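Reader: I'm new to this one. Can you walk me through it?

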Amino acid sequence: MYFTQSRTVAALTSSLLVLIACSSTEQTPYSSPTEMELSRQVSEIAVLRSREASPMMVKAADYIDTNSIGLAKLQPADAPSETYQHYPINDTLRTSSQRVSTFSIDVDTGAYSNMRRSIQHGSLPPVDAIRIEELVNYFNYSYPSVSTPEKPFSINTEIATTPWNDNTHLLRIGLSGYTPHTNYEPAANLVFLLDVSGSMDSPDKLGLVKSSIGMLIKQLDENDSISIVVYAGSSGTVLEPTPGNDHKKILHALSKLTAGGSTNGQQGIELAYQLATENFIKDGVNRVILATDGDFNVGTSDVASLKKLIARKRDSGIALTTLGFGSGNYNDYLMEQIAQEGNGNYAYIDTLGEARKVLVEELNASLINIARDVKIQVEFNPDTVSEYRLIGYTNRQLANEDFDNDNVDAGEIGAGHTVTAIYEIALAGSGGEKHTANRYQNTTTPTSGQKLGELAEVRLRYKLPDEERSRLISRVVHSNEVIDQFDKSSVDFRFAVSVAALGQHLQDNKNMNALSLADIHDMASASIGSDTFGYRKEFLNLVDMADTLDKIERASLEPMNEPEERG
């Protein structure tokens with residue numbers, strides 16, 4: 001649930017070696033360390049990294065005598081920890097024993113921008129910070145769209161060989177959400193719930209929050225309403241409901257905000273929902289937008305209790321969006337979980353550019369839900385598919401019987417969103433099976449007739465925003481759709497697979513075999529496609545940086561021999 005020693009020490013190693021490299025070309029006020037001293041320091045890091053992970057963050061000064069090396073001193077500072085939840089990687093399953101896979105979907109993207117922040121700051125992200133579906137769904141894909149809000153999705157599938165295993169295939173399921181006409185702009189009742197506690201006193205926290213809201217309000221008009229509730233040790237309303245086009249009043253309220261005190265998130269949530277309820281807009285967008293680092297430390301602060309609080313509020317028709325900010329004490333687990341419980345979405349804002357993406361470019365997708373309680377169920381044909389593995393969605397798994405149960409909560413999809421899920425499958429007789437064949441395996445009567453050519457049926461269940469009974473659409477995947485070479489698959493297929501491959505690599509996933517980060521870079525580079533805002537090219541840079549950090553981390557684990565003394 002916390003940073004492990006492995007990635008923390010790797011980060012220290014990265015910083016150490018980068019500084020060493022810089023010292024060869026730049027003058028510093030420190031004396032140069034000897035080769036033997038550097039070898040000793042890096043060896044100590046490697047030994048520490050190999051130990052059993054501790055639930056607490058490792059502090060640099062506990063293990064490195066920074067005065068003995070000629071580098072800028074690493075301050076011990078009681079390093080706070082960032083909070084992530086551990087979920088086991090999905091197993092490869094036999095279709096003969098479990099042919100149906102069911103999970104909930106939505107389009108959170110927080111894990112991607114959080115990963116980017118970590119890599120750009122010089123360290124590989126913690127394994128538990130990686131949720132592969134959020135990495136893949138950060139990007140838009142050109143799936144065929146639909147033109148009616150009554151059937152707001154199209155199901156698109158593609159299947160091709162796996163780049164990390166010649167004997168398996170990847171089945172990509174792509175959903176394209178309905179995009180309302182440009183003149184459809186429902187009035188919005190937005191209540192910003194802003195954390196102004198002491199932990200938010202940083203330019204990348206409260207400072208970035210103010211700038212982000214300043215960008216958002218440019219998209220609002222006189223029909224919209226914006227309110228601001230703040231919380232620290234106690235909560236209060238600093239901006240009563242105000243027309244969205246009254247920019248001067250809104251910006252003035254933002255300019256007065258300062259950070260200080262403890263964090264009573266529960267009290268702030270209660271007040272924000274109360275204000276949203278009092279100003280509820282029928283047939284409009286009613287949403288609480290929580291901006292915080294997630295460091296709740298007063299009142300109800302555990303995730304389970306806050307989820308119960310949010311679950312009680314969602315039935316009012318008011319959704320919850322969570323926007324995460326900052327580092328050091330960041331609580332990713334809380335932010336992702338309460339957004340999921342609040343029928344909303346979760347994004348992590350690490351730059352003003354990301355704020356623009358979430359709150360300007362994708363504003364309708366962030367605010368306007370076209371469907372709720374969206375679930376996917378895939379039934380594989382055991383005569384044609386031997387095994388399957390769902391890549392990602394580890395915390396979205398549902399019991400198979402939950403698919404038809406309209407009382408089971410699931411994810412929400414915004415206007416124009418695309419959603420992608422990827423399975424790695426072993427076709428019958430392909431040699432890609434991971435399980436050893438059973439001597440006494442149950443035999444079943446082979447599928448007859450036209451179903452012999454079927455690989456799977458993909459089912460999608462959803463509710464329209466104003467309905468309580470779900471609707472069902474489905475699509476059958478046939479064996480004649482298989483593309484025999486990965487390079488012949490579509491550009492979007494190859495790029496989505498490249499992103500999923502990076503996520504698995506960062507998770508140290510054993511299924512990746514010998515696929516390297518350089519290979520992933522080459523795959524992504526050949527599948528940029530349409531890239532209006534440059535997000536795909538930015539991904540290439542992240543893969544390059546991750547490759548460098550990965551090599552540094554691996555080098556820290558290799559034994560370093562002391563140089564022989566010269567006579």
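Reader: Let's start with a single residue. Is Asp508 buried or exposed?

Author: Asp508 is exposed, at 53% relative accessibility. The cut-off for exposed is over 50%. Keep in mind that this is a predicted model.

Reader: Where does Asp508 lie?

Author: In the loop between helix 13 and helix 14, which covers 517-525.

Reader: What about its backbone? What is the phi of Asp508?

Author: Near 55°. That is a positive value, and Asp508 is not a glycine.

Reader: Let's zoom out. How many helices and strands are there?

Author: The protein has 15 helices and 17 strands.

Reader: How much of the protein is buried?

Author: Of its 567 residues, 54% count as buried.

Reader: And the surface?

Author: The accessible surface is about 24800 Å². Carbon and sulfur atoms account for 47% of that.

Reader: What share of the contacts comes from residues 24 or more positions apart?

Author: Take the contacts with a separation of 6 or more. Residues 24 or more positions apart make up 80% of them.

Reader: Now the rings. How many aromatic pairs does the structure hold?

Author: It holds 17 aromatic pairs. One of them is Tyr141 with Tyr143, and that pair is stacked. The centres are 5.8 Å apart, with 20° between the planes.

Reader: Are those two tyrosines, Tyr141 and Tyr143, buried or exposed?

Author: Both Tyr141 and Tyr143 are buried.

Reader: Give me another pair.

Author: Phe495 and Phe539 form an edge-to-face pair. Here the centres are 5.4 Å apart and the planes are at 65°.

Reader: Which helices do Phe495 and Phe539 sit in?

Author: Phe495 is in helix 13, residues 491-506. Phe539 is in helix 15, residues 535-557. They are 44 residues apart, so the pair links distant parts of the chain.

Reader: Why do Phe495 and Phe539 count as buried?

Author: Phe495 counts as buried because its relative accessible area is 0%. Phe539 counts as buried because its value is also 0%. The cut-off for buried is under 20%.

Reader: Which residues are in the ring cluster?

Author: Ring pairs link Tyr112, Tyr138, Phe139, Phe495, Phe533, Tyr535 and Phe539 into a cluster.

Reader: Which charged residue sits over the ring of Phe495?

Author: Arg536. Its charged end is 4.4 Å from the centre of the Phe495 ring.

Reader: New topic. Where is Asp128?

Author: In the loop between helix 4 (110-120) and helix 5 (132-136). Asp128 is buried, with a relative accessible area of 17%.

Reader: What does the side chain of Asp128 join up with?

Author: With the side chain of His86, through a polar contact of 2.9 Å.

Reader: How far is Asp128 from Asp332?

Author: Their C-alpha atoms are 10.0 Å apart. Along the chain, Asp128 and Asp332 are 204 residues apart.

Reader: And Asn331? Where is that?

Author: Asn331 lies in the loop between strand 9 (319-324) and helix 10 (332-341). It is buried, at 14% relative accessibility.

Reader: What does Asn331 touch?

Author: Thr83, Asp293 and Gly294, leaving out residues up to four places away in sequence.

Reader: One last residue. Which strand holds Thr168?

Author: Strand 4, residues 165-177. Thr168 is buried, at 1% relative accessibility.

Reader: Which side chain makes a polar contact with the side chain of Thr168?

Author: That of Glu424, at 2.8 Å. Setting aside neighbours within four places in sequence, Thr168 is in contact with several residues, including Thr161, Thr162, Ile425 and Gly432.

Definitions and conventions. Residues are numbered from 1 along each chain as its sequence is written. This is a predicted model: local features need pLDDT of at least 70, side-chain atom pairs count only at pLDDT 80 or more; totals for chains, interfaces and linings use all residues. Side-chain values use heavy atoms; hydrogens and water are left out. Rings of Phe, Tyr and Trp (its six-membered ring) pair if their centres lie within 6.5 Å; planes under 30 degrees apart count as stacked, over 60 as edge-to-face and the rest as tilted. Buried means under 20% relative accessible area, exposed over 50%, partly exposed in between (1.4 Å probe, protein chains only). Helices (H or I, at least four residues) and strands (E, at least two) are DSSP runs, numbered from the N terminus. A charge sits over a ring if NZ of Lys or CZ of Arg is within 6 Å of the ring centre and within 35 degrees of the ring normal. A polar contact is a pair of N or O atoms within 3.5 Å; within protein, one must be able to donate a hydrogen and the other to accept it, and residues adjacent in sequence count only if both atoms are side-chain atoms. Contact means heavy atoms within 4.5 Å. Accessible areas come from the Shrake-Rupley method with a 1.4 Å probe; for residues, only the protein chains shown count as cover.
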